[in-house]
Amino acid sequence: MSGLFLVIGITLSILSKWLQFNGQDARGDVLVFPAAFFLGLALLFSLPFFKEWWEEPSKRPKALRFAGLAAGGILSFQLFAWLVFGQGEWLGALFLIPFLGCLYFIIRTFK
């Protein structure tokens, strides 16, 4: 599954850049978010502990919780970076709050 998510993420990243170079900045910017999501999933499914959780039915809820928190953290950080550095909107720094919340719960998942 890691390979599939990686191909999807890279394809969306390339499409995003192509749209930005062709003057469709808004569409290109929007495609960065699902690209980051799929690249994050590719990373998760390449980690041995996550594969073990995913393959064992009793640990699959833990894997789903971990993946959901990781995806939420990735998207929150991506929104923060896009708004603060790309758009110059300093209120985008508020997206660090859900990112840190997701990070906290990810760390707790390991306990």
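How many nonpolar, polar and charged residues are there in the lining of the largest pocket? The second point below takes this up.

1. Ground rules. This is a predicted model, so local features are taken only at pLDDT of at least 70 and side-chain atom pairs only at pLDDT 80 or more, while totals for chains, interfaces and linings use all residues. Numbering runs from 1 along each chain as its sequence is written, and side-chain values use heavy atoms, with hydrogens and water left out.

2. The pocket lining. To come back to my question: the lining of the largest pocket has 12 nonpolar residues, 2 polar ones and no charged ones. Here Ala, Val, Leu, Ile, Met, Phe, Trp, Tyr, Cys and Pro count as nonpolar, Asp, Glu, Lys and Arg as charged, and the others, Gly among them, as polar. The lining comprises 14 residues, and those nearest the centre of the pocket are Leu-44, Phe-66, Ala-70, Ile-74 and Ile-106. Two or more lining residues come from each of α2, α4 (60-86) and α5. The largest share, 5 residues, is given by α4.

3. The pocket itself. The largest pocket holds about 170 Å³ of space. A pocket, on a 1 Å grid over the protein atoms alone, is an open set of points where a 1.4 Å probe fits, with protein on both sides within 12 Å along at least five of seven lines; lining residues have an atom within 4 Å of a point. The volume is the space filled by probe spheres set on the points, which are joined across faces, edges and corners.

4. The chain as a whole. The secondary structure consists of 5 helices and 0 strands, in the order α-α-α-α-α along the sequence. Helices (H or I, at least four residues) and strands (E, at least two) are DSSP runs, numbered from the N terminus. Taken along the principal axes, the C-alpha atoms fill a box of roughly 50 × 30 × 15 Å. Of the 111 residues in the chain, 31% are buried; buried means under 20% relative accessible area, exposed over 50%, and partly exposed in between (1.4 Å probe, protein chains only). Among contacts with a separation of 6 or more, 50% are between residues 24 or more positions apart, where contact means heavy atoms within 4.5 Å.

5. Where α2 meets α3. Helix α2 (residues 25-46) packs against helix α3 (residues 48-55) at an angle of about 85°, with the axes 5 Å apart. The two helices are therefore roughly perpendicular, a label that covers 65 to 115 degrees (under 35 is roughly parallel, over 145 roughly antiparallel, and the rest oblique). Axes are lines fitted to C-alpha atoms, for helices over the stretch in contact, and angles run from 0 to 180 degrees between N-to-C directions. From α2 the contact uses Leu-44, Phe-45 and Ser-46, and from α3 it uses Pro-48, Phe-50, Lys-51 and Trp-54. By class, that gives 5 nonpolar, 1 polar and 1 charged residues.

6. Two leucines of α2. Leu-39 lies in helix α2 and is partly exposed, at 32% relative accessibility. Beyond four places in sequence, Leu-39 is in contact with Leu-6, Gly-9, Ile-10 and Ser-13. Leu-39 and Leu-6 are 33 residues apart along the chain, with their C-alpha atoms separated by 5.6 Å. Leu-43 is also placed in helix α2, and counts as exposed at 54% relative accessibility. The C-alpha atoms of Leu-43 and Ala-71, 28 residues apart along the chain, are 11 Å from each other.

7. From α4 to α5. Gly-68, in helix α4, is partly exposed at a relative accessible area of 43%. In the loop between α4 and α5 sits Trp-90, which is exposed, with a relative accessible area of 64%. Trp-90 and Phe-80 are 10 residues apart in sequence, with 8.8 Å from C-alpha to C-alpha. Is Thr-109 buried or exposed? Thr-109, found in helix α5 (residues 96-109), is buried, because its relative accessible area is 6%. Not counting residues up to four places away in sequence, Thr-109 touches Trp-53, Lys-62, Arg-65, Phe-66 and Leu-69.
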